[in-house]
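I set out to look up how the side chains of this structure are arranged. My entries follow the display.

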Amino acid sequence: MFERRLPGQRIGVRGRLAGGYGHYPIVGDPTDVAEALGRVRDTGVRGLAISFIDFAGELPYFAQEVLPRLVEMGVRRPG
């Protein structure tokens with residue numbers, strides 16, 4: 001894919017890939033993240049994909065700290 005592009009084009013494509021194309025970054029403490037996800041839900045979004053820099057290290061923290069807040073807010077069902 002990159003080989004057929006000019007050097008400057010490769011840099012631009014790599015930057016977009018690294019940025020996740022139309023990604024919506026959510027960064028903050030667990031309450032900030034839960035509130036941001038609540039705002040996303042309020043726009044009508046009913047499902048999304050989430051990624052982490054360190055999946056193995058960050059997913060357990062997300063599950064322990066953010067998911068319960070989403071349940072309390074009514075954004076997520078218990079379970």
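**Entry 1: Aromatic pairs**

I note that the model is a predicted one.

I then searched the whole structure for aromatic pairs and found 2. Phenylalanine 52 and phenylalanine 62 form an edge-to-face pair, with 5.5 Å from centre to centre and 65 degrees between the planes. Phenylalanine 52 sits in the loop between helix H2 (30-42) and helix H3 (55-73), and phenylalanine 62 sits in helix H3, so the pair ties together parts that are 10 residues apart in sequence. Phenylalanine 52 is partly exposed, at a relative accessible area of 22%. I also recorded that ring pairs link Phe52, Phe55 and Phe62 into a cluster.

**Entry 2: Nonpolar core**

I next looked up the largest nonpolar core, which has 7 residues: Val33, Ala34, Leu37, Phe62, Val66, Leu67 and Leu70. H2 and H3 each supply at least two residues of this core, and H3 gives the most, with 4 residues. In soluble globular proteins, nonpolar side chains tend to be buried together.

I checked leucine 67 for contacts, leaving aside its neighbours within four places in sequence, and found Phe62 and Arg76.

**Entry 3: Surface patch**

Isoleucine 50 lies in the loop between H2 and H3. Isoleucine 50 is partly exposed, with a relative accessible area of 42%.

Conventions
Residues numbered from 1 in each chain as written. Predicted model: local features only at pLDDT ≥ 70, side-chain atom pairs only at ≥ 80, totals over all residues. Heavy atoms only, no water. Phe/Tyr/Trp six-rings, centres within 6.5 Å; stacked < 30°, edge-to-face > 60°. Buried < 20%, exposed > 50% of the residue type's maximum accessible area, 1.4 Å probe, protein only. Core = buried A, V, L, I, M, F, W, Y, C linked by side-chain atoms within 4.5 Å. Contact = heavy atoms within 4.5 Å.
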